[in-house]
Structure formats: C-alpha cells, structure tokens
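Please look through the sequence and the model below before reading on, and keep both at hand. The paragraphs that follow move from the packing of helices to a pocket and then to some details of the backbone.

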Amino acid sequence: MIATASATATLDTLETPCLLLDETRMTRNIERLNALMADHGVQLRPHLKTPKSIEVARRVMSRPQGPAAVSTLQEAEQFADAGVTDLLYAVGIAPAKLERVLALRERGVDLTVVVDSIDAARAVAARAKVAGEGIPALIEIDCDGHRAGVQPGNHEQLLAIAHVLNDAGCLRGVMTHAGESYGCRSLEAIADMAEQERAAAVGCAEAIRQAGLPCPVVSVGSTPTAHFARHLDGVTEVRAGVYVFFDLVMAGLGVCAVDDIAATVLTTVIGHQPDKGWILVDAGWMAMSRDRGTAKQPVDQLYGLVCDAQGKPYPDLLLAETNQEQGIIKLRAGSNASLPDLPIGAKLRIVPNHACATCAQHDAYEVVRGSDPGVVAHWERFRGW
C-alpha cells in the first residue's frame, strides 16, 4: 500500500477525475463526534463502509484493534489483515457467508453478525453448534420502518429469536439504525428520531433481560442521530460512518456545513457550450455516482456543488447533468450569478451528494490539507464484497 505522495505532487499534476480527501476537515469531523460521545459516556463504533481505507481507519478508530463496523465481509477481511479485531458486520447475515465469518473468527477476530428473523437465527445457531463455538449475533430492531428489523413491539418474535441464539451461545444484544433520520427536515426532528431510535433498542434489550436472557450490547446509530441525540441512557455503543467525510445530504440536513465536507472529486474543464450555458468537465457519473440524495431536500444540489481548485464554492454553480465520463456544469435555475470564465484545463472540485457512493467509484484518495495545492499522501481504498 502506498501511504505517501511524491514531494512534487500537486493538484495541477494529478490526472482527473480523482478523489480528493482534505485531511484537515476529516480530522475536525472525527474530533467533533469523539467529543460528543465522550460527553454522553458512550463508546463510538465507527462504520468503515464509507472510507474503505486502512489509513482512514487508523485515524478514526479509538484503538488499532477497533471497535469498528463494516458493511461487507471483504471489508472485514481487509481490516482484519491490518490488525482490526473488534468488528461488527452490520448487515443481515446470509447463511452462505457464515464460513467466511468463522474463518475470520478462527484468526482471532471478534466478528459479530446481525439477524432479524427466526430463520436467520436458526442458521447461525446451527452453524455455531457444528463449529463448536458461538457466533455472536445482534438482533436488528426496526426503529423507524426504514428497512430491516424486528418491530419493537413484537416481543414474541424478538424473544423467539433471542432464545434460539442464546441456546447456541450466540446472543450478544440488539442493534438498530435510524435511516429515516436522513429524511428529517429540522434538527429538532433529528433529535426526536434519535430518541425514537434509542427507545426502540433499549426497550427491546429490557424485554430480553426480563425474559432472563443476556443482552450486553445495545447498539444504535446514524450520523444525524449520533450528532443530535439528547441523551443515550441504556445505550452501550453508537455507530456512525459518513461523519468522517460528510456530504451535501448531511449539509442539507444541517448536520454539517459545506466547508466540513472532506471528500471531493477533482475534475478538469474540457469544453464549453456558451449558447447553452454549459461548461464541460471530465467527471461524469462514473466519477460522481448517480446518487441524487439532495433531490428531496429543500435545496437540490443536482449532482454536486462546484468549487474552485482550492475548494471555494462558486455561487449557484452545479454539476447539473452527467454522462458516463463527462459532466455538464450549469448555473442553478433562476440564479442571478454569472457563469465563471473557466478556460480549458482549469481544475475544479465537485462536492458530492453522498460520500459513500462517490468514494465507491474510486480506488484511492489523494490527500490534501485545506486550500494548499500540495498532495501530501496517496491512500488506497478497496471495493467489492
């Protein structure tokens, strides 16, 4: 892995499109949430699905061994190779993947899986019994109707799953994720969602304990709710991921400011269509992704906010359309701003809607610090499942 850049590397010498990571902003974002969790007295389990990078993981985890969360087993294997041993695979487990789970556990990785049905619990329990060791599992709770999970009020299903896991030595606790927080329209609504998330997980944990079963882990989290929870009584850990980089969706929610966003795409002006008010760049959807996460927010940022090479946004200038390898930059509809005079070859930074989706298009980060044009490091990232 290459972790450092040539002393002569600059934004001008980078081939585009490429992924920039502002280390100064990233560090500030990490420190902000660490301080909040310290105030709450709760452990932070950072989710590494956004960075998918050993170098970033080393900066975001509290210890080299973790804790951390992942969204693919390939992530778990990569981070295990780097010495991370406290991992939560925070996606419902498919039975066919249990062999890879056991292989990691045999290497000394304390890897926990997630289930939300009796069938999944039975599959985990059966494989654990054959292996002769427990496969720790969290029961996923659906706190907001966003995706998977046991309904918080369905204690019959909850306890049935808990008993199956406990009988095989696999029951570790409960987890939930307030994905609907991404649709909130105020910080007060995010705080309300954080309490709904907390209450759902804690209530289910209490039901399991009242049935005489162990429930040591109560895991909650999303980036918005982690930042605006009023309290975290009864919670043992908080998971969050995109906070490390932030993005335009988070800025649209009020969770961060645009100048907190650490990951951007560097692109080059390759053409003009003055009659149409277009500037053409070499970053299309293959560089930015097709994510339109701000489309339902009060301010639609189309495919991204356009900045100069130093990261300063141009007024109302957006990546308005994307082809596979080409992007079309235009002024926001109704804007009184003027289209900037950007010559062929000019470098720009585009701020993404969704950091996870945009970063997933790239194999490495070119690391910069603020407006300094120097590239201080080249950090590889990985993809796949």
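At what angle do helix α5 (residues 118-131) and helix α6 (residues 155-167) pack, and how far apart are their axes? In this model, which is predicted, the two helices pack at an angle of about 5°, and their axes are 9 Å apart. Angles under 35 degrees count as roughly parallel, and α5 and α6 are therefore roughly parallel to each other. On the side of α5, the residues that meet the other helix are I118, A121, R122, V124, A125 and K129, while α6 brings A160, I161, V164, L165 and D167 to the contact. If the residues of this contact between α5 and α6 are sorted by class, eight are nonpolar, none is polar and three are charged.

Helix α6 also packs with another helix, α7 (residues 187-210), and here the angle is about 60°, with the axes 10 Å apart. That angle makes α6 oblique to α7. The crossing in which α6 passes α7 is right-handed, and the contact is made by H155, L158, L159 and A162 of α6 together with C204, A207 and I208 of α7. The residues of the contact of α6 with α7 divide into six nonpolar and one polar, with no charged residue.

Five residues of the contact of α3 with α4 are nonpolar, one is polar and two are charged.

From the helices we can turn to the open space in the model. The largest pocket holds about 450 Å³ of space, and of the 23 residues that line this pocket, H47, K49, R147, H177 and Y182 lie nearest its centre. Which strand gives the most to the lining of the largest pocket? Strands β4 (86-92) and β9 (237-240) each supply at least two residues of this lining, and β4 gives the most, with three residues. Sorted by class, the lining of the largest pocket has eight nonpolar, 11 polar and four charged residues.

The backbone deserves a careful look as well. Most residues other than glycine have a negative phi, and most peptide bonds are trans. Against that background, where are the cis peptide bonds between T16 and P17 and between G66 and P67 to be found? The bond that joins T16 and P17 is cis, with omega about 0°, and P17 is found in the segment before β1 (18-22). The bond that joins G66 and P67 is likewise a cis peptide bond, with omega about 5°, and P67 lies in the loop between α2 (54-60) and β3 (68-70). Finally, K52, a residue other than glycine, has a positive phi near 45°, and the place of K52 is in the loop between β2 (43-46) and α2.

Key
Residues are numbered from 1 along each chain as its sequence is written. This is a predicted model: local features need pLDDT of at least 70, side-chain atom pairs count only at pLDDT 80 or more; totals for chains, interfaces and linings use all residues. Side-chain values use heavy atoms; hydrogens and water are left out. Ala, Val, Leu, Ile, Met, Phe, Trp, Tyr, Cys and Pro count as nonpolar, Asp, Glu, Lys and Arg as charged, and the others, Gly among them, as polar. Axes are lines fitted to C-alpha atoms, for helices over the stretch in contact, and angles run from 0 to 180 degrees between N-to-C directions. Helices (H or I, at least four residues) and strands (E, at least two) are DSSP runs, numbered from the N terminus. Angles under 35 degrees count as roughly parallel, over 145 as roughly antiparallel, 65 to 115 as roughly perpendicular and the rest as oblique. Contact means heavy atoms within 4.5 Å. On a 1 Å grid over the protein atoms alone, a cavity is a set of points where a 1.4 Å probe fits but cannot get out, and a pocket is an open set with protein on both sides within 12 Å along at least five of seven lines; lining residues have an atom within 4 Å of a point. Grid points are joined across faces, edges and corners, and a volume is the space filled by probe spheres set on the points. A crossing is left-handed if the near helix is turned anticlockwise from the far one by less than a right angle, and right-handed if clockwise.
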